[in-house]
Amino acid sequence: MTSRISSKWIILCLVTLAVGCAKDEGPIFIPKAVVPGEAIDTAYFSTEVLPIFTQHCWTCHPDMSGLDLGANMAFSNLVNVTSTNHAPDIRVVPGDPMASVLWHKVSQSPTYGLTMPPNGTFLTDEELRTIRDWIEQGAYDN
Ligand code: HEC
């Protein structure tokens with residue numbers, strides 16, 4: 001009995017140690033866990049994602065880096081398109097934010113250099129969640 005209790009403590013200590021030593025890297029935005037049975041909040045490209053680009057990105061990206069984030073061009077410039085500066089990686093891989101250059105560029109990940117927008121401002125958690133949800137949900141032109 002006593003030995004069973006002490007082995008539980010050892011496991012607890014190991015887990016605590018492992019969590020404590022986890023590397024502090026990557027995007028600071030931590031997505032909310034998906035709760036089974038909870039309704040998914042659909043992210044719409046035209047009414048939710050595009051306005052973020054118009055507000056924060058379009059001053060530089062009618063063409064900077066070969067990327068047009070204007071209303072008529074943003075979708076076709078992003079989804080399944082090879083990055084200009086980070087080829088052969090893809091700007092938006094439907095369903096996979098971590099494989100998408102766009103996600104890394106906006107979420108303060110160091111993978112592709114400068115965080116967008118590169119002018120000292122950052123997208124809010126809400127805006128980041130919208131972009132991430134949209135990519136995760138299949139990056140539809142919805
Ligand atoms: C002040 C100008 C400026 C603003 C505003 C800006 N960008 Fe950029 N962006 C750049 C420059 C310069 C590069 C090229 C250097 C680099 O890749 O970091 C770039 C590169 C990129 C790339 C990589 C393109 C490729 O395929 O090589 C993406 C994706 C991107 N920006 C997305 C965004 C998004 C999304 C926003 C808005 C949240 C944004 N940018 C706002 C200047 C800007």
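## Ground rules

This is a predicted model, where local features need pLDDT of at least 70, side-chain atom pairs count only at pLDDT 80 or more, and totals for chains, interfaces and linings use all residues. Numbering starts from 1 along each chain as its sequence is written, and side-chain values use heavy atoms, with hydrogens and water left out.

## The iron site

Let's start with the metal. His-61 (through NE2) and Met-116 (through SD) coordinate the iron atom of the ligand at 1.9 to 2.1 Å. Donors here are N, O and S atoms within 2.8 Å of the metal (3.2 Å for Na, K and Ca), and since water is not among the atoms, sites may look incomplete. The six donor atoms subtend angles of 86 to 179° around the iron, so the arrangement is octahedral (for six donors: opposite ones over 155 degrees apart and all others between 65 and 115).

The pair ties together distant parts of the chain: His-61 sits in the loop between α2 (45-56) and α3 (74-78), Met-116 in the loop between α4 (101-106) and α5 (125-136), 55 residues apart. Helices are DSSP runs (H or I, at least four residues), numbered from the N terminus. His-61 is buried at 10% relative accessibility, and Met-116 is buried too, at 18%. Buried means under 20% relative accessible area, exposed over 50%, and partly exposed in between (1.4 Å probe, protein chains only).

## The largest pocket

His-61 and Met-116 turn up again here: along with Ser-65, Leu-67 and Lys-105, they lie nearest the centre of the largest pocket, which has 28 lining residues. A pocket is an open set of points on a 1 Å grid over the protein atoms alone, where a 1.4 Å probe fits, with protein on both sides within 12 Å along at least five of seven lines; lining residues have an atom within 4 Å of a point. α4 contributes the most to this lining, with four residues.

## Cysteines

No disulfides (cysteine sulfur pairs within 2.5 Å) show up anywhere in the structure. Cys-57 is buried at 12% relative accessibility, whereas Cys-60 is partly exposed at 32%.

Another cis bond runs from Ala-87 to Pro-88, with omega near 10°, and Pro-88 lies in the loop between α3 and α4.

Ser-65 has a positive phi of about 65° despite not being a glycine, and is partly exposed at 31%. Ala-139, also not a glycine, has a positive phi of about 50°; Ala-139 is buried, at 3%.

Definitions and conventions
Four donors count as tetrahedral if all angles lie between 85 and 135 degrees; four count as square planar and six as octahedral if opposite donors are over 155 degrees apart and all others between 65 and 115; anything else is irregular. Helices (H or I, at least four residues) and strands (E, at least two) are DSSP runs, numbered from the N terminus.
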